[in-house]
Amino acid sequence: MDGYAVPDFATGTTVEVHGLTSSAGSRFNGCVGVVAQINEDGRHVIKLQGHDTQPVVKPSNLRKATPHLSSSCLGRGDFVEISGLSSECGRFLNGHLAQLRPAGPGNGRLLVKVCATGGEKAIKESNLLKLTQETVLARAEGLLEVGRLHDLQRLLRGVPFAPADLTKDLTARLATGTHSEILDGAVKLVDIPGKGKGYRADRDISAGEALLFDTAFCSSRAGPKEYEEMEAQCMKNTSAADFFKTNVMTLEPGPWMTRMLDASRLQSILKNNVFKTIRDPSMVALFPAASRFNHSCCANAFADTSSTQATVRALRNIQAGEEVCVSYCAVAQTREDRIGQFVGKGFSCTCERCLLEESHDPQFSVPCRCGKYAFSAQSTAPAVQRCPDCSFSFSKKLCLEHLREIQDMNSFMRTPAAAAENPMRLVEKLRPLVDRVTEGSNLAPKTHGETIQLLNNFSAAHYFAATRVPGPHQDASFAASFDCKKKVIRAQALNHGRGTSQRDVNYFQSLHRLLMGQFPTAADRREFEQELEGLCWLHFGQPTLPQGITDPVCR
Ligand SMILES: C[S@@+](CC[C@H](N)C(=O)[O-])C[C@H]1O[C@@H](n2cnc3c(N)ncnc32)[C@H](O)[C@@H]1O
């Protein structure tokens, strides 16, 4: 613990809080602030950077920290901790270590390279806390000591001087698969009426906050043998036998299981609890603590999972006492598809979105050409509907036929025959169906998953025509591809955003691919960069990103 002074802090001293164990207090561990007042009982009132609350802490839970330094004291190569950023995007950089780059953009901002991502950011110097290597290492050891492995991992990621033994120790502890942490006392595991156990917010939570960190007890490549493979791993892991008994075998086995041998019970538990990991969709993994989150189709949290780790984050602000739920299905699915999926899980979803969409699922909504009315192609909607404004007569049967044709075309586009086709011919094949879903047409739903897929295919066909077929059409084909991709992104934002505030991997991939392409104008590029930056927290903070996606923070 070198680098920290004995507990004797005058007012005005810059200190770091550590070692608080209560759920309310532990969220301040690692926070840096200034001693504002010393109470009669000897406790210190701390004015924290980036926090409104002023915790009152015993001096034994404080250690001296280096104050923010002005740019004149900061030099190229210095290490700094990013703190106190309050924008939605910036908050996710707080606590990250960065290194100063040679030149800054001015305006009181300094250019830093974020160790975890390698990306560069221009940050106000008041949001940078200078750290010596000794302080970083002392803090790292402190975090290891109190088992705050989530913060330790974040602190050490990409740090060039991270000591090998500390990193090895961290890796070994994470690899046991028995480590999980509720972060900063955000949630509490409680009984939820009608759902078994689940998590409730134990304090007010801000959008994007990390709530729970978990490590995979077992994992497998997704496929017919996934449960057998994971079961074998559980059985082999004899060093974690107690954890297995208390934290795995007590999970909810779902409807498959009534009363059976432990081996079958384990398979039922796995079936009911494993996550298909979003960072590697070919893998499935069991996260015993994260799997206690119940489902909602308008989830207020989501699990960012790799085959080894899960971080559950808030998707929106959550009030203390609210149940915190993740979504077990893709947000883009229609209500009927979602319901079908939960039959196998032994419950029917009664979330706000399901109730709302019972009579009107937006994915089956078809706006009238006059723009003043929306028809519905949902199973519960009438067969023929008339627009009260322009009297257009809408046939649900015809609309669903169109949707089926779109579905068939999307299936064809996944075949080798489509891949071998001349892209110019594919464009012509897709065009009549695309015309049915674009503006001014009321012949098919515009934000249905299949519609979005069709638009994506149309954009790709144009792109291939622009890049693979030489000729005078190339510029126009590229412009058409770009234009269509914009429509895809808008339809996805509409589809996902409604009641869910959630974006899925396909959405990020669309944005990313667009960003990777050339932009007709700088304003076009900026528009999409802003969208991506505003949402970057959804996939910030892990070493790997979904296939093809680079970290937008690097931009
Ligand atoms: C992955 S577990 C979630 C944690 C579980 N409640 C427990 O006690 O361990 C999935 C099970 O939780 C219950 N569940 C999850 N979401 C639910 C919901 N929205 N409504 C009713 N039950 C739900 C169902 O029994 C489901 O099989």
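In what follows, Ala, Val, Leu, Ile, Met, Phe, Trp, Tyr, Cys and Pro count as nonpolar, Asp, Glu, Lys and Arg as charged, and the others, Gly among them, as polar. The structure is a predicted model, in which local features need pLDDT of at least 70 and side-chain atom pairs count only at pLDDT 80 or more, while totals for chains, interfaces and linings use all residues. Residues are numbered from 1 along each chain as its sequence is written.

By class, the shell around the ligand has three nonpolar, 11 polar and five charged residues. In total, 19 residues surround the ligand, and the closest are Gly 196, Lys 197, Glu 252, Asn 294 and Phe 347; a residue is near a molecule if its C-beta atom, placed from the backbone, lies within 6 Å of it. Two or more residues of this shell are given by each of β13 (196–201), α6 (262–273) and β18 (294–295). The element that gives the most is β13, with three residues. Helices (H or I, at least four residues) and strands (E, at least two) are DSSP runs, numbered from the N terminus.

The secondary structure of the chain comprises 15 helices and 25 strands. Of the 555 residues in the chain, 40% are buried; a residue is buried if 20 or more other C-beta atoms lie within 10 Å of its own, exposed if 12 or fewer, and partly exposed in between, with C-beta atoms placed from the backbone. Among contacts between residues at least 6 apart in sequence, 59% join residues at least 24 apart, a contact requiring C-beta atoms, placed from the backbone, within 7 Å. The chain is divided into domain 1 (14–64), domain 2 (180–354) and domain 3 (376–502), with bounds from an automatic or database domain assignment. Taken over C-alpha atoms, the centres of domain 1 and domain 2 are separated by 34 Å.

Strand β8 (residues 109–114) pairs with β9 in the antiparallel sense over five bridges, where pairing requires that DSSP finds at least two bridges between the strands. Glu 120 in β9 is the bridge partner of Lys 113. Five residues lie between the strands of this hairpin, in which Gly 118 takes a positive phi near 80 degrees.

In helix α4 (residues 226–236), the buried residues are Glu 226, Met 230 and Cys 234. These residues lie on the same side of α4 because they cover an arc of only 70 degrees around the axis, the arc being that of the directions from the helix axis to the C-beta atoms. The exposed residues Glu 228 and Lys 236 are carried on the face turned away from the buried side of α4.

Most residues other than glycine have a negative phi. Asp 184, although not a glycine, has a positive phi of about 50 degrees. This residue is found in the loop between β11 (180–182) and β12 (187–192), and Asp 184 counts as buried because it has 24 C-beta neighbours inside 10 Å. Ser 391, also not a glycine, has a positive phi of about 65 degrees and lies in the loop between β24 (384–386) and β25 (393–395). With 9 C-beta neighbours inside 10 Å, Ser 391 counts as exposed.

Terms used: Contact = placed C-beta atoms within 7 Å.
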